[in-house]
Amino acid sequence: MYVCMCHAVTEDQVKKAIDEGAGTPRQIAKGCKAGTDCGSCVRRIQALLGEHGARPCPTARLAAKLGLAEPEVQAAPAAPAPAPMAPIAPVVPLRVA
């Protein structure tokens with residue numbers, strides 16, 4: 001499975017980097033560039049680091065300590081419909097005397 005779509009980095013590549021000694025997302029990025037473009041894969045990289053004995057990110061540790069579940073991705077609420085615009089008065093040319 002792909003972890004980083006920007007640089008086509010797979011989960012196996014990240015796990016290999018961890019096995020070779022990478023212990024932070026930055027160290028993984030040095031080897032395969034995962035997490036250096038849009039950043040959407042950094043949380044998954046942190047999770048893989050945590051699964052393989054590396055120190056997970058502080059937020060994950062705090063959430064685990066407090067017994068909180070991982071935050072769920074919620075759909076953004078639909079934007080309210082724009083208010084109807086008032087009719088615009090016609091433009092009347094000015095007369096110069």
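The largest nonpolar core of this predicted model has 14 residues, and those touching the most other members are Val3, Val9, Val14, Ile18, Ile28, Ala34 and Ile45. Two or more core residues come from each of these elements: strand E1 (2-4), helix H1 (11-19), helix H2 (25-32) and helix H3 (42-51). In soluble globular proteins, nonpolar side chains tend to be buried together.

Leaving aside residues up to four places away in sequence, Val14 touches Val3, Val9, Ile28 and Leu48.

Val14 also takes part in the contact between two helices. On the H1 side the residues are Glu11, Val14, Lys15 and Ile18, and on the H3 side they are Arg44, Leu48 and Leu49. Sorted by type, the residues of this contact are four nonpolar, no polar and three charged.

Two packed helices are described by the angle between their axes and the distance between the axes. For H1 and H3, the axes come within 10 Å and cross at roughly 50°. Because of this angle, H1 is oblique to H3. The crossing in which H1 passes H3 is right-handed.

Two loop residues deserve a separate look. Ala8, in the loop between E1 and strand E2 (9-10), has a phi near 50°, which is a positive value in a residue other than glycine. Its relative accessible area is 42%, so Ala8 is partly exposed. Lys33 sits in the loop between H2 and H3. The phi of Lys33 is near 75°, again a positive value in a residue other than glycine. Lys33 counts as exposed because its relative accessibility is 51%, and the cut-off for exposed is over 50%.

Definitions and conventions. Residues are numbered from 1 along each chain as its sequence is written. This is a predicted model: local features need pLDDT of at least 70, side-chain atom pairs count only at pLDDT 80 or more; totals for chains, interfaces and linings use all residues. Side-chain values use heavy atoms; hydrogens and water are left out. A nonpolar core is a set of buried Ala, Val, Leu, Ile, Met, Phe, Trp, Tyr and Cys residues joined through side-chain atoms within 4.5 Å. Buried means under 20% relative accessible area, exposed over 50%, partly exposed in between (1.4 Å probe, protein chains only). Helices (H or I, at least four residues) and strands (E, at least two) are DSSP runs, numbered from the N terminus. Contact means heavy atoms within 4.5 Å. Axes are lines fitted to C-alpha atoms, for helices over the stretch in contact, and angles run from 0 to 180 degrees between N-to-C directions. Angles under 35 degrees count as roughly parallel, over 145 as roughly antiparallel, 65 to 115 as roughly perpendicular and the rest as oblique. A crossing is left-handed if the near helix is turned anticlockwise from the far one by less than a right angle, and right-handed if clockwise. Ala, Val, Leu, Ile, Met, Phe, Trp, Tyr, Cys and Pro count as nonpolar, Asp, Glu, Lys and Arg as charged, and the others, Gly among them, as polar.
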